[in-house]
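Subject: Structure handover

Hello,

Here is the structure for your files. Please open it first, then read the notes below it.

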Amino acid sequence: MYRLNKGGFDAYLVGGGVRDILLGQKPKDFDIATNATPEEIKGLFRNCRLIGRRFRLAHIVFGREIIEVATFRGHHESASDEEKNCKKTSKQSDDGMLLRDNIYGTIDEDAQRRDFTINALYYSSKDFKVFDFANGVKDVEDRVIRLIGEPTTRYREDPVRMLRAIRFATKLDMQIAPETKAPIKELAPLMANIPAARMFEEFLKMFISGKAVANFEQLREYNLFKFFFPIVDQALDNDNELIKRFIVQAMTNTDKRINNDQRVTPAFLFAAMLWYSLQSYIQQINAQSQLAPQDAFFAALSEIMPEQQRSIAIPKRFQSVMKDIWILQDKLARREGKRAFKTFEHPKFRAGYDFLLLRAEIETDNHHLSELANWWTDFQNVSNDAQLQMIKAVKAPSGSKKRSPRKRRKPASKAAVGS
Ligand code: ATP
Ligand code: MG
């Protein structure tokens, strides 16, 4: 802010940085608003990257921290014809969605273009004042999430604001104002227009934030969950209690880990979300054709993944961990010979094991599963000799000593695939 001021520009801290401090919370990140254009910002900072097409802004990079610096946005109606005709600055879909929001304006216009009143507070380091253009301080005090302007228009411009309303309500423990809440269910279908890449970003904010369970419940309530996980949403609509308990437990665990500053991977939650749907796909495939368990698994995988990708663009690196977690469910069930040791050395063993525990926790009447989970818990806690004994003991109850490992594979993997 001081550098921008020195360069002759205005600069304000805005958004979560001001709001969260007023609420006595620690801001997640800092956003700056300025009258300098992105190019002018770049001229002042060597550590500056210009990003975004829909909403162009500058990222100032300080080590691992990124400060987002956005130029004041103006009204699209008041833009010059030249600006309006330039597709780079302003573009609107037939639904009223802003495909480009790069018309620049003054600070009070900028405040009008922000989503909620509590997000339109501007703190200046010139005079240490907070400027409140939309009655945001009162709404912070009353703990109200209120859209600025006419709600329907604002949701049409950017349907993601519906998600943001929910997210701020759960995160800040606030109520959504009645007129901000009212149109959400009806306008929910507009979410279909949001690109899958942006949905991945929104997925992270919703589900990897320590408030996944609360957000999940609200998203279901407002018919918005289906834009993240259409297949799962369908199963939930059909009262699939098992899926519900499983994903809620996965989210509960994720929330706990985040709130204890433990590491989480989005891949685990993705894997949990789709696990039982994957099982249904496998069952359907098995009903139609006689495939080996492995082949049925891969056939189901190649159906479910592209279908899910249409909603959320899950980056390749997470897709591969999801697959590992799923494949490990089968591997964990086969413990004879050297297999247990090989599985134990798998780079994703821990995630696969945690996933097994989660399954066992939910499928309480599946004794095979709880036995398997306990076995692996013990296996990690005993000496090498004892591990060898454990592996031998696995073989014992299955009867014939002469059975080849190849033959044993099938029943074991079927059980693991969890039909
Ligand atoms: P947090 O970073 O804690 O999630 P935030 O309010 O800082 O919350 P950001 O996504 O960082 O949210 O955005 C910064 C600010 O930019 C917001 O406070 C808001 O003023 C504005 N903003 C962000 N997204 C939108 C949007 N879709 N429509 C209008 N204004 C937005
Ligand atoms: Mg922010």
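Start with Asp29: this residue is partly exposed, at 29% relative accessible area. The classes are: buried under 20% relative accessible area, exposed over 50%, partly exposed in between, with a 1.4 Å probe and protein chains only.

Two notes on conventions. This is a predicted model, in which local features need pLDDT of at least 70 and side-chain atom pairs count only at pLDDT 80 or more, while totals for chains, interfaces and linings use all residues. Residues are numbered from 1 along each chain as its sequence is written, chains are lettered from A and ligands numbered from 1 in the order in which they are written, and side-chain values use heavy atoms, with hydrogens and water left out.

The metal site

What coordinates the magnesium ion (ligand 2)? Asp29 (OD) and Asp31 (OD) do, at 2.2 to 2.4 Å. Donors here are N, O and S atoms within 2.8 Å of the metal (3.2 Å for Na, K and Ca). Water is not among the atoms, so sites may look incomplete.

The site of ligand 1

Asp31 also faces ligand 1: an N or O atom of the Asp31 side chain is 3.0 Å from an oxygen atom of the ligand. Arg19 has a polar side-chain atom 2.8 Å from an oxygen atom of ligand 1. For Lys171, a side-chain N or O atom is 2.8 Å from an oxygen atom of ligand 1. Polar contacts are pairs of N or O atoms within 3.5 Å; within protein, one must be able to donate a hydrogen and the other to accept it, and residues adjacent in sequence count only if both atoms are side-chain atoms.

Taken alone, ligand 1 exposes 580 Å², and the protein buries 85% of that. Areas come from the Shrake-Rupley method with a 1.4 Å probe; for residues, only the protein chains shown count as cover.

Which elements give two or more residues to the shell around ligand 1? They are helix 2 (16-22) and helix 8 (160-172). Helix 8 gives the most, with 5 residues. Helices (H or I, at least four residues) and strands (E, at least two) are DSSP runs, numbered from the N terminus.

In total, 17 residues surround ligand 1. The closest are Gly16, Arg19, Asp158, Arg161 and Lys171. A residue counts as near if one of its heavy atoms lies within 4 Å. By type, the shell divides into 13 charged, 3 polar and 1 nonpolar. Here Asp, Glu, Lys and Arg are charged; Ala, Val, Leu, Ile, Met, Phe, Trp, Tyr, Cys and Pro are nonpolar; the others, Gly among them, are polar.

The chain as a whole

The protein chain has 22 helices and 11 strands. Its C-alpha atoms fill a box of roughly 85 × 45 × 40 Å along the principal axes. Of its 419 residues, 48% count as buried. The chain exposes about 21,400 Å², and carbon and sulfur atoms supply 50% of that area. Among contacts (heavy atoms within 4.5 Å) between residues at least 6 apart in sequence, 65% join residues at least 24 apart.

Glu202 lies in helix 11 (residues 196-207). Buried or exposed? Glu202 is buried, with a relative accessible area of 4%. Beyond residues up to four places away in sequence, Glu202 touches Val160, Leu163 and Phe228.

Gln319 sits in helix 17 (residues 316-333). It counts as buried, at 14% relative accessibility. Leaving aside neighbours within four places in sequence, Gln319 is in contact with Met305, Gln309 and Ile314. With Gln309 there is a side-chain polar contact of 3.5 Å. Ile391 is 72 residues from Gln319 in sequence and 31 Å from it in space, C-alpha to C-alpha.

Loops to check

Asn135 has a positive phi of about 60 degrees although it is not a glycine. It is in the loop between strand 9 (129-132) and helix 6 (136-142). Asn135 is exposed, at 53% relative accessible area.

Asp239 also has a positive phi of about 60 degrees, and is not a glycine. Its loop runs between helix 13 (230-237) and helix 14 (241-259). Asp239 is exposed, at 61%.

Asn238 lies in the loop between helix 13 and helix 14. It counts as exposed, at 56% relative accessibility.

Best wishes
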